[in-house]
Amino acid sequence: MQEKRIELLCADGVRLAGDWWLPPSGVAAATVVINAATGVLARYYHHYARFLARQGFAVLTYDYRGIGQSRPADLRRVAYTWREWGEQDFDAALRHALDRDETGRLLVVGHSIGGFLPGYASATGRIAGLLSIGGQFGYWGDYQLRMRLPLAIKWHLAMPAITAVLGYFPGKRLGWLEDLPKGVALGWGLQQGRAEQGLPPEKITRMCAGFAAFTAPILAVAMSDDAIATPKAINRATGYYSAAPVTKVLLSPGDLGFDTVGHFNLFHARHEHGFWKSSLDWLHEGRNPWPQRVYR
């Protein structure tokens, strides 16, 4: 397996750090772009990227602007948003991957907000498939009922308040994910039921048209013990992909041989012989490996 550090140049001039993971043979079955969750470093997905490379995929991982290796010297001086992560960062990663793809089949694996971002990219129509794992945009009203109040206090009261005072969110110092730029922290913290909230009508029209341009199959995975990416949250997010065939599955930890999984755990190496191996059915063949767990 070959690993290569690269730099991505976004249309607005922002530069991002990324890595290519190439199969040992040098000949890929398909190309995969991995989109991270909010406040999660790209390196968290490197174990899965290596696994996919060993299975014959060329894989691109990258840090969004304001995160990890793509963080500026002073996070207080920028106000990056989720929308920029999609319109600029993912679009740059997608175009870079398309330019280097020799298979004619480019796939996206998106975790949490990373499963929602593809609809923002201008080249989204060239994606062959999306594996969305806990993909949603953080509306508190969709959280699991028993955890709704503590999560709302944490992410939708404390986070925006701290961010307003400091000019960024010091997530790492608090043990709440990585530090976040102000726009992302406030966008998530103040998020309501519509992803387009606060946009003028012309931008709403453009955004909805972008999501409608995504026509590739989507496999959206939810975990029954995930308090954030509930089926309700995933239904809300996938509803924006109005022209895409969407298959939604709800797995329990027991389906994967564990007592707990939650929102972040599926990319831990302990899932290599379970969830990761099953995900190859979708990535290689576009086949849902959990047909008995489909929900509407």
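The legends below describe close-up views of one predicted model. Residues are numbered from 1 along each chain as its sequence is written. Local features need pLDDT of at least 70 and side-chain atom pairs pLDDT 80 or more, while totals for chains, interfaces and linings use all residues, and side-chain values rest on heavy atoms, with hydrogens and water left out.

**View 1. An open sheet is built from nine strands.**
The strand order is β1-β2-β4-β3-β5-β6-β9-β10-β11, and the pairing is mixed. Strands are DSSP runs of E with at least two residues, helices are runs of H or I with at least four, and both are numbered from the N terminus. Two strands pair if DSSP finds at least two bridges between them. The edge strands β1 (2-9) and β11 (294-295) each pair on one side only. Strands β2 (residues 15-22) and β4 (residues 57-62) are antiparallel and share four bridges. Here Trp21 has Val59 of β4 as its bridge partner.

**View 2. Strand β5 is mostly covered.**
Six of the six residues of β5 are buried (under 20% relative accessible area with a 1.4 Å probe, protein chains only; exposed is over 50%, partly exposed in between). One side carries Leu106, Val108 and Gly110; the other carries Leu107, Val109 and His111. Strand β3 (residues 30-35) runs parallel to β5, joined by five bridges. Val32 has Leu107 as its bridge partner in β5. Strand β6 also pairs with β5 in the parallel sense, over five bridges. Gly110 stands opposite Ser132 in β6.

**View 3. Phe51 and Trp276 are one of 24 aromatic pairs.**
Rings of Phe, Tyr and Trp (its six-membered ring) pair if their centres lie within 6.5 Å; planes under 30 degrees apart count as stacked, over 60 as edge-to-face and the rest as tilted. This pair is tilted, at 5.5 Å centre to centre and 50° between the planes. Phe51 belongs to helix α1 (residues 46-54) and Trp276 to helix α8 (residues 272-285), so the pair ties together parts 225 residues apart in sequence. Phe51 and Trp276 are both buried.

**View 4. Tyr120 and Phe211 form an edge-to-face pair.**
Their ring centres are 5.2 Å apart, with the planes at 75°. Tyr120 lies in the loop between β5 (106-111) and β6 (129-133), Phe211 in helix α6 (residues 201-212); the pair therefore ties together parts 91 residues apart in sequence. Tyr120 counts as buried at 13% relative accessibility, and Phe211 at 0%. Ring pairs link Tyr120 and Phe211 into a cluster with Phe116, Phe137, Phe214, Tyr240 and Tyr241.

**View 5. Arg65 and Arg270 sit over rings.**
A charge sits over a ring if NZ of Lys or CZ of Arg is within 6 Å of the ring centre and within 35 degrees of the ring normal. The charged end of Arg65 is 5.2 Å from the ring centre of Tyr80. Arg270 lies over the face of Phe258, 4.2 Å from the ring centre.

**View 6. The largest pocket holds about 320 Å³ of space.**
On a 1 Å grid over the protein atoms alone, a pocket is an open set of points where a 1.4 Å probe fits, with protein on both sides within 12 Å along at least five of seven lines; lining residues have an atom within 4 Å of a point. The volume is the space filled by probe spheres set on the points, which are joined across faces, edges and corners. Of 18 lining residues, Thr81, Arg83, Gly187, Gln191 and Ala195 are the closest to the centre. Helix α5 gives the largest share, four residues.
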